[in-house]
Every structure is written in C-alpha cells, then in structure tokens.
Amino acid sequence: MVVATCILAMSVVRQRLHDFMRMIQPDEKWDCTFFTRKEILRLHGRYHELAPHLVPMDYTNDPDCKLPLALIVNMPELKENPFRNRIVESFSEDGMGNLSFNEFVDMFSVLSEMAPRELKAIYAFKIYDFNVDNYLCKEDLEKTLNKLTKEELTPEEVELVCEKTIEEADLDGDNKLSYADFENMISRAPDFLSTFHIRI
Amino acid sequence: MQVRPEKRERGKRRRAKNDQEAKGRERDEEEQTKIKSAKTTKTRKKEKSRKTEEEEGEGESEERNTKRKKKHGSAKKEEKEEDGGKRTVKEKAQDVKKKKHKKVVETSSEQETSEESSEDNEEEDNEEKEVRPESLSPEELEKLKEAVDERKKLIQGLRGKPWPMKKKLVTLRESQEFVEKYEGALGKGKGRKLYAYKVMMTKKWMKFQRDFENFKTACIPWEMKIKEIESHFGSSVASYFIFLRWMYGINMILFGLTFGLVMVPEALMGRPYGSIPRKTVPRAEEASAMDFAVLWDWGGYAQYSVLFYGYYNSQRAIGWLKFRMPLSYFLVGVGTVAYSYMVVIRTMARNANESGVGDDNSFNFSWKMFTSWDYLIGNPETADNKFASITTSFKEAILEEQESRKDDNIHLTRFLRVLANFLVLCCLAGSGYLIYFVVRRSQKFALDGLENHTWWERNEVNMVMSLLGMFCPMLFDVISTLENYHPRVALQWQLGRIFALFLGNLYTFIIALMDEINLKREEEKIIKFNITMWEASLYNSTVSENSTAPPVTIHPADVPRGPCWETMVGQEFVRLIISDTMTTYITLLIGDFLRAVLVRFLNYCWCWDLEAGFPSYSEFDVSGNVLGLIFNQGMIWMGAFYAPCLPALNVLRLHVSMYLQCWAVMCCNVPQERVFKASGSNNFYMAMLLVILFLSTLPAIYTIVTIPPSFDCGPFSGKKRMFDVIHETLESDFPAWFSKVFSYASNPGLVLPFILLMVLAIYYLQSTSKSYKEANVELKKKLQTQNEENKKKNKRAALKAQMDLEEARKAASQAAEQQNNNASLQEEETDGEENHGSNQRLHHSKNGRNPPPAAGEQECHPPATRAPVPRTYHHGNHGAPGYLPGFSRQSEPRMYRVPSLQRH
C-alpha cells in the first residue's frame with residue numbers, strides 16, 4: 001500500500017513538473033537563447049519573484065503580461081548598473097522598458113557568457129545610444145561618461161574625452177559613431193567580453 | 001475510396017503548382033525588366049516632379065528618401081536573413097536570380113522594388129506551402145532538401161540573431177513546422193529510408209546532446225558562490241576563483257589517473273602489507289611507527305603504504321587481471337605531465353582567440369568609455385569604488401593626453417629604480433642562500449637522527465620556505481614604492497619578482513634535494529655491499545648447521561634495506577605541500593580574519609578611525625593568490641611521480657581553500673580600490689603556469705632518465721633505468737615484429753631527421769606567423785592613414801560646401817537678371833541631379849547598411865537653409881510672368897551640386 005501511494009505521489013509530482021516545463025517552453029527558448037532548461041526555469045523564478053501577483057506561474061496559454069521598467073531595474077543584478085534603464089529599454093519591444101518574460105529571457109541571454117561578441121556588440125550599441133537615432137553622437141557619449149563617473153568630471157574634461165573618443169573610433173569622419181565604427185572599436189577591446197556580461 | 005480524392009487533389013495541386021511556377025517565372029521576368037527600367041523611370045519621374053512640384057515638396061521627398069534609406073539600412077540584414085528563412089523550395093533557383101537583382105537594387109538608392117519583391121516572395125511562400133512533397137520531381141526534391149537544411153541551419157543560428165524574442169519564436173515555430181512537414185516526405189525508395197533514419201538519428205543525437213548539456217551545467221560546482229563574489233568584488237577577484245575551480249578540475253583528473261590506475265590496483269591486487277621487506281615497517285622504527293608526530297612527518301606506517309613510491313613491488317603483473325603495475329606506474333607519470341601540457345596549451349590558445357588583438361593603444365578613450373564598467377557588479381560599495389576608479393583612470397588619461405610626461409629629475413628616478421632592482425636581487429640571493437643553508441643543515445640533523453632535535457629543527461626547511469614566501473613579497477612591495485612606476489607596470493614588476501623568488505626557492509630546494517639523493521645513493525652502495533655480506537653469512541650459517549633444513553625464514557621487518565631515495569623525495573614534497581597549505585590558511589586567518597575582527601571591534605575605543613585609517617580591512621590579493629596556486633601546482637607536478645598521493649592531497653587542499661577563501665573574501669575583505677584588467681592578464685597567468693609546468697617537469701624527467709632506481713624499493717627496482725619498463729613490455733608482451741619496428745623507429749638515424757623536421761616545421765610556422773603579424777601591422781597603418789585622409793577630405797568638403805553655398809547665394813541674386821536661358825539651365829539641372837543620385841549611391845554601397853553620412857547630410861540640409869533666400873527673391877519678382885516660378889530656385893542646387901561631384 002505504502003509503496004503504491006509513494007509511486008502514485010511520485011508520478012503526480014513528475015506530471016506536475018512536466019506540465020510546468022511545458023508551460024514556459026524551455027526547450028523552445030533553448031533554440032532562441034544561450035540558456036539551458038535549468039537556467040530558463042531559474043529565470044522564470046526570478047521573473048515571477050519580481051511581481052508575484054502579476055506574473056502567473058502558469059504559462060500554458062501564453063499570457064500577455066509585462067513588467068514595468070521600475071520593477072526590473074530593481075533586480076540586484078541591475079541595481080548598481082549605471083546603464084540599467086537603457087539596458088531594459090533597449091530589450092523591450094516598445095522602447096519604454098516594459099518587458100515580457102520572453103524579452104526578459106532574451107536580455108539575459110544576450111548578457112550571458114555564451115553569447116558571441118557580435119551579438120553583444122549590437123546590443124551594447126543600442127544601450128549606449130541614448131537618443132535611439134542609430135548613432136552614438138556627442139550627446140550620447142556625454143551621457144555615458146557622466147553615468148560612468150557620476151558626473152565628477154568637469155565639463156571641459158567631458159568635452160575632451162568625448163572628442164578624443166570620436167576621434168579615435170570614427171572611421172568615416174562624420175563626427176559621430178555609426179554601428180560600423182562602434183563594432184570595429186569594440187571588436188578589439190580586450191575587456192569587452194569579460195565585462196559585458198551578467199551572470200544570473 | 002479515400003485514395004481517389006486524394007489523387008485527384010494531388011493532380012489539382014500539380015496543376016496549380018505549375019500555374020504558379022509559370023506565374024512566378026513571369027513575375028520574375030517582369031521584375032527583371034522592372035528593375036532594369038527602374039532607374040530610367042525614376043529619373044524620368046524625378047524630372048517630371050521637378051517640373052511640376054514646388055521646391056519644398058522636393059526637399060521633403062528627398063528627406064523621405066534618406067529616411068527610408070536609414071530604415072532600410074538597419075533592416076536590410078534582417079530582411080535578408082528573413083528571406084533566407086522563409087524561402088520555399090520552388091523559388092529557390094529563381095530566388096537566386098532575385099537575390100542578385102535585389103543586391104543591385106539595394107546598392108542603388110531605390111529599394112521600393114525590392115520591398116515589393118520580398119513581399120511577393122512571402123505571398124508566394126504561403127501559397128506554396130500547401131504543395132504536396134510526394135508530387136515533386138527529383139530536382140525539386142533536391143531543392144526541398146536544401147530548403148529543409150537551410151531551415152535547420154536557421155534554427156541552429158537563431159540564438160545568435162539580434163531579433164526580438166517574439167520574432168525569434170515565430171520564426172522558430174514556422175521553420176520547425178516546415179522541417180517537420182517536409183522532412184519525413186523526402187527521398188524515394190532506397191534513399192528515403194536512409195534519409196528518414198538519418199533524420200531520426202540526428203534528432204535523437206540532438207536530444208541527447210541537450211540532455212547532456214543540461215547535465216553538464218548542473219554539474220559545474222560553486223556557480224552561485226562565484227556569482228555572489230563576482231557581484232561583490234567585480235570580475236577580477238572572481239577570475240581567481242574561476243581559476244581555482246579550473247585547477248580543481250585538472251587536479252580531479254590527475255587524481256583519477258593516479259588513484260584509479262596506480263593506488264587502487266596496488267592496494268587491491270598487490271601483495272598485502274607485511275609480505276615483503278619493502279612493504280613492512282623496519283624493526284627499528286616499529287615502536288614509533290604509529291605515533292602522531294611520525295605520521296605527521298609522513299614516516300612510519302604512512303611511509304610504507306601506497307602513498308609513496310617505495311611501497312610498490314616490481315612484480316611485472318599482479319592479480320588475476322595480470323595488471324602490469326610497473327608499466328602502469330610509468331605511463332601514469334608520463335600521462336599526468338602530457339595531460340597537463342595539453343590542457344594548459346589548449347586553454348591558452350582559446351584565451352588568445354578570445355582576447356584577440358587587444359594590444360594596441362589606439363582606442364584608449366573609447367575602450368575606457370565603453371568597456372570599463374563591469375556589468376557583473378551588484379554591490380553598492382563595489383560600485384562606488386568602480387565609479388571612483390573609472391573617474392581617476394579618465395583623469396589620468398586626460399593628464400597623459402594633455403601634457404607629455406613631465407620628466408623632472410629623471411636621474412633620480414633612474415637611480416632609484418636601479419637601487420630598487422639591486423635590493424630585490426639581494427633579497428632573492430639571500431633567500432636562495434638561506435634555503436640552501438637550511439637544507440644542508442637539515443641533512444646534518446638527519447644524519448644525527450631526528451629524535452635528538454626540536455620540532456623547529458626538524459621542520460626548518462619547510463617553515464623557512466613558507467616564511468620567505470610570505471614576507472619577501474611584502475618587502476618587494478615596499479621596495480617598489482621607490483620606483484615610482486605606473487601602477488600597472490608596477491604590478492607586472494611585482495609579479496615578475498615574486499615569480500623569480502618562488503622559482504629560485506623551488507630550484508634551490510631541488511638542488512639541495514639532488515645533493516641529498518647523491519648522498520643516499522652512496523649510502524645505498526655501502527648497504528648493498530653489506531647486504532650481500534649479510535646474506536652470505538646467513539647462508540653460510542644455515543649451511544654449516546644442517547644442510548637439509550629448509551632455508552630460514554626471516555621476518556621481513558628484520559631484513560636490512562637501502563635508503564630508497566625516491567620515497568624520500570616524495571616525502572619532502574608532501575611535507576612541503578602540507579606546510580605551504582598550513583601557512584596559507586594561517587595567514588588567511590591572521591592576516592585577514594583577525595585583522596578584520598580587530599579593526600571592527602577596536603574601532604569603538606581607539607583614538608583614530610581604524611576602518612578608514614592605517615590598518616583598515618585587507619584587500620583580496622588576486623595576483624599573489626594566483627601565483628601561490630600556480631606554484632603549488634608546480635610542486636604537485638614535480639612530486640607526483642614519487643608520491644602518488646600528491647594529487648589527492650591537492651584536491652583536498654583546493655576544495656578546502658575554495659570554501660575558506662570564499663568565506664574569507666565575503667566576510668573580511670573590502671573591494672579593491674584600484675581595479676586592473678582581469679581578462680588581459682588571464683593568458684599571462686596561463687603562460688606562467690606553462691613555464692612552471694615546464695620547469696617542474698624538467699627535474700622530474702632528469703631524475704627519471706639519469707638516476708638508476710633504488711635496488712630494493714619501488715616498481716622499477718632491479719632495473720638499470722626506470723624507462724626500461726617500456727623496453728621490457730615491448731619485448732615480452734608484444735609480438736616480435738613490433739619490437740623490431742620499434743627498435744628501428746627509435747634508432748638515431750630515424751629520430752634525428754624527425755627532430756630536424758620538427759624544428760624546420762616550427763621555424764616555418766613561426767616565420768609565417770611573423771609575416772602575418774607584419775601584414776596586420778601594415779593593414780592597420782593603412783587603415784589609419786585612410787581614416788585621416790577621410791577626415792581631411794570631409795573637412796575640405798565641408799569648407800568647399802560652405803564656399804559653394806555662398807557662391808550659390810550670390811548666383812541666386814544674380815539669377816534675377818539672367819532669366820532668358822531657361823532651357824539650357826534645365827538640362828544642366830538634370831545632369832546635376834543624376835550626379836547627385838550616383839553620389840549617394842556611392843556612399844550607400846561604401847557604408848553597407850549605414851545611412852549616408854556627412855556628405856549626404858550636408859546635401860540634405862541646404863534646402864532648409866536655402867529656402868528663405870529664394871522666397872524673398874520670389875516675392876520680389878512676383879509679377880514677372882515670363883518664366884516658371886521654380887526655375888530661379890533650381891539654379892541653386894546646380895551651383896551647389898556640380899562642385900560636389902569633384903569631391904569624390
């Protein structure tokens with residue numbers, strides 16, 4: 001009897017686990033991201049944790065729920081990052097920072113260790129492009145620099161650094177960095193891969 | 001009943017399909033002509049519009065054009081890929097054509113047609129999805145197969161695409177459906193079954209790989225621990241722990257090798273303890289063999305166990321498995337070294353690939369700007385430190401940029417640097433001599449007998465080595481303040497000096513050991529002689545008493561034996577490792593933990609702020625710890641041959657230090673104030689590891705090759721040299737021809753040319769890599785000069801444009817007077833416009849998917865700035881009926897645009 005109930009209980013548990021797995025389609029996401037099943041489940045846990053009353057555990061019928069930027073930015077992984085708002089915004093579909101679970105997974109997939117340099121470079125460019133015009137112009141660079149140094153440099157220094165940066169990286173001489181310039185620069189950066197990743 | 005309708009349907013479909021094909025072809029041709037004519041129509045259109053439209057309207061259209069181009073630029077790649085994915089079988093061949101056309105279209109500035117065609121594609125795709133695969137001809141099948149393969153490729157490469165997740169999922173589902181649908185139906189007759197089988201197997205294999213990957217990620221230990229440290233201390237501290245974990249992995253494998261192939265077989269199948277002299281504690285030591293002090297020194301029972309070389313028997317095959325023990329021992333020793341070399345070199349190569357060519361300093365500011373923030377940081381304190389360090393690094397860079405290095409009093413700094421190096425050399429020499437002296441002294445003690453000496457005298461060597469390793473780096477640190485180097489350079493010097501110190505100490509230790517080995521061998525000779533005398537006397541006595549009695553059995557503990565230098569070497573290394581581990585842990589506890597406790601609690605009742613002031617909390621010393629780890633590994637490699645227990649000990653040590661150091665870092669260290677590159681030095685550490693590996697295998701190999709093994713202990717006893725075991729195995733375990741071949745192969749006549757060949761190959765590879773490097777540098781130079789030229793050109797262009805604008809304004813005011821030559825003006829104007837178009841095209845193709853930069857922009861702006869001028873003019877000439885209102889304004893672009901041609 002005991003054995004039978006045990007087996008029954010086990011099978012029920014397994015069934016439920018299986019259902020859960022199917023709900024958030026980890027295998028499908030595997031093809032789209034750099035995560036394994038376990039990691040995707042963990043990510044779902046984190047996502048659920050952010051707003052337990054908003055995010056359902058049940059993902060069978062693909063509910064359309066999005067978390068606002070303010071919630072996601074408060075994750076410990078992002079909290080200290082000076083570019084946190086830009087990161088979340090550049091991964092959201094609407095550009096306002098509301099992330100569905102799919103986009104959430106996508107974000108951490110790009111920021112994971114496994115993602116190739118090219119992919120990371122594309123999103124890094126998006127992140128540093130504050131005024132979403134597909135160029136890193138002086139304004140963007142100033143914003144980046146001020147966020148990096150907590151505005152402790154004098155305006156002249158900021159000006160100088162921005163000029164120098166553009167001078168170094170601008171290949172076509174239009175006084176702003178296009179993606180090609182950025183990629184050329186970042187592809188040789190020794191630290192880019194090791195610093196542009198978040199472990200979840 | 002059911003078959004017939006299906007057949008009918010199929011027929012219908014076939015017809016429909018043919019129709020579609022024809023349609024598609026038609027459409028394609030149409031498109032071709034369209035594209036060919038597109039240019040001309042466009043220009044015609046433009047002419048028309050120019051004639052009829054107002055000036056502002058044209059400006060708008062131009063703007064729209066550039067905008068579209070922009071959008072197109074960013075979307076182009078995606079579009080292409082999407083097309084690649086959504087393409088179906090039938091259109092394959094036609095599509096290739098289309099693609100070519102599309103490229104042409106895309107390089108020209110009009111892309112309306114291409115958009116249209118891609119839309120068409122999609123429509124056709126949807127229609128054609130319903131076509132039955134069974135009804136396809138072989139060529140079509142071939143195409144279908146290709147398409148399926150393409151889809152599969154798409155699925156595989158999907159994760160690397162910079163698309164939003166929704167799109168990825170949709171594409172994935174679509175292409176998976178497609179693959180599912182057509183995959184099974186592919187192939188006919190013989191090929192079909194095979195294909196289906198193949199597909200099934202690949203599916204199974206994929207699933208297995210996935211599960212395996214899942215399993216692998218689940219198996220990586222300490223992931224969360226490292227993550228936590230990473231978020232607190234940044235990537236440089238975490239890199240130490242990742243390195244530690246990597247080391248742990250390597251040691252696990254080494255441990256598996258020695259444990260599984262040497263220690264366990266000997267313990268299970270070899271002769272048991274006490275059966276022969278080498279496996280028994282001698283009578284003289286029996287009383288104290290179980291004492292803790294003796295065991296702590298790895299004497300007594302520990303010495304006569306599987307842990308050390310001397311315990312192993314030279315019996316060729318043991319147990320019912322006929323396990324070749326001596327051969328296995330030898331091969332495991334060689335395998336350990338070979339495996340380590342392989343792993344280290346492979347990792348180095350991978351690191352080199354990853355870090356790329358990041359040596360040049362051409363992007364100093366850009367790199368600082370875009371890669372200096374460590375995205376892993378998740379701790380406010382660390383983040384503050386990082387902000388501060390980034391700010392200072394920027395300030396330093398600015399200073400360096402603003403003024404070339406101020407070399408005030410260069411003589412003083414030079415003198416100080418020389419002095420510092422001299423002091424360091426003195427330190428190194430002193431520590432070397434100290435070790436040599438101590439080892440010599442310990443030999444004297446050993447000759448006297450260890451029992452008469454104090455604990456300090458017995459453990460002097462290890463303690464002195466550990467203490468030197470602890471205090472000399474601090475001394476170097478003090479000395480290096482004299483030098484006034486840039487911190488990064490200073491760090492490298494410091495690392496180099498510590499490396500030299502450790503290496504020097506290790507080598508002095510080895511040289512002293514060699515002395516001892518020689519002593520032992522002298523001793524061995526005497527003992528060997530004595531033993532023969534002893535045996536002879538024993539034999540004589542038994543013979544003289546009664547000749548028929550069985551030979552006397554002597555208890556193995558009573559048999560006199562040689563000193564067995566191999567075990568001695570093994571013991572020394574084990575002791576060294578133990579004392580090294582102990583010092584590391586104790587310094588950790590005292591230097592970090594105790595200091596942190598004192599600072600924390602004495603701060604309440606102290607006269608200055610301890611936390612911010614002098615002692616403060618300690619920082620985690622990444623480089624020192626990595627060096628310690630590397631040297632520890634070097635000792636393992638050196639000693640593992642004579643003490644099979646060393647890898648096991650090391651695994652234990654690494655395991656403990658993982659937990660201990662994680663705890664210590666989290667509880668009593670503060671984040672570093674100045675953070676240096678972590679990744680760039682990664683390969684630096686690996687190179688050190690390689691050097692150490694090489695240097696530590698040298699003495700081991702030397703002893704194996706040159707010194708004959710002890711006559712009465714170890715797996716090679718009775719042989720002239722240790723590697724004779726290979727020869728022996730070849731002779732007795734392999735067929736005769738094999739040993740013959742081997743002897744031919746090992747003949748110097750063959751080996752020498754082979755070595756020569758290898759040297760030549762190395763030389764060749766090196767020279768080619770050198771030439772590649774040179775080519776790289778050349779290319780870089782070219783790129784730079786090109787950049788500069790580009791910039792100059794652009795500047796010149798901007799200037800010219802300004803001048804042209806001025807001229808144009810003048811011309812516009814003059815144009816009021818010359819109103820009669822309308823027709824000629826019109827011609828020129830169209831010329832200019834066409835040129836302008838080609839101009840843009842040129843830009844477009846040059847920058848790939850980027851919208852046209854500078855020149856294009858400049859050309860776009862003038863209409864806006866120009867607008868007011870003509871308007872005033874227009875108002876002025878309002879009443880003049882003889883000419884069309886647009887013309888006088890059109891003369892401006894001509895004046896402006898014609899010169900713009902010469903720029904490019």
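In this predicted model, Met722(B) is in contact with Tyr309(B), Phe330(B), Trp565(B), Glu566(B), Phe641(B), Tyr642(B), Ile704(B), Pro709(B) and Phe716(B), leaving aside its neighbours within four places in sequence. Met722(B) is also one of the residues with the most contacts inside the largest nonpolar core, together with Phe241(B) and Val574(B).

**Nonpolar cores**
- The largest nonpolar core has 100 residues.
- Another core, of 77 residues, lies apart from it and includes Phe35(A), Met75(A), Phe130(A) and Ile186(A).

**Cavities**
- The model holds 11 cavities of 30 Å³ or more, and the volume of the largest cavity is about 110 Å³.
- Lining this largest cavity are Ile510(B), Leu513(B), Met514(B), Ile517(B), Val569(B), Phe573(B), Met638(B), Tyr642(B), Pro699(B), Ala700(B) and Thr703(B).
- Two or more lining residues come from each of helix 18 (487–545), helix 19 (565–602) and helix 22 (682–706) of chain B.
- Helix 18 of chain B gives the largest share, four residues.
- By type, the lining has 10 nonpolar residues, one polar and no charged.
- Tyr642(B), part of this lining, is also among the contacts of Met722(B).

**Annotated transmembrane regions**
- An unreviewed UniProt entry places the feature "transmembrane region" at residues 246–269, 326–345, 418–439, 460–482, 494–514, 684–705 and 741–765 of chain B.
- Residues 326–345 of chain B are 100% helix and 0% strand, with end C-alpha atoms 29 Å apart.
- Residues 684–705 of chain B are likewise 100% helix and 0% strand, and their end C-alpha atoms lie 31 Å apart.

Note on methods: Residues are numbered from 1 along each chain as its sequence is written. Chains are lettered from A and ligands numbered from 1 in the order in which they are written. This is a predicted model: local features need pLDDT of at least 70, side-chain atom pairs count only at pLDDT 80 or more; totals for chains, interfaces and linings use all residues. Side-chain values use heavy atoms; hydrogens and water are left out. UniProt positions are given in the numbering used here, feature names are shortened, and annotations may be inferred rather than shown by experiment. On a 1 Å grid over the protein atoms alone, a cavity is a set of points where a 1.4 Å probe fits but cannot get out, and a pocket is an open set with protein on both sides within 12 Å along at least five of seven lines; lining residues have an atom within 4 Å of a point. Grid points are joined across faces, edges and corners, and a volume is the space filled by probe spheres set on the points. Ala, Val, Leu, Ile, Met, Phe, Trp, Tyr, Cys and Pro count as nonpolar, Asp, Glu, Lys and Arg as charged, and the others, Gly among them, as polar. A nonpolar core is a set of buried Ala, Val, Leu, Ile, Met, Phe, Trp, Tyr and Cys residues joined through side-chain atoms within 4.5 Å. Buried means under 20% relative accessible area, exposed over 50%, partly exposed in between (1.4 Å probe, protein chains only). Contact means heavy atoms within 4.5 Å.
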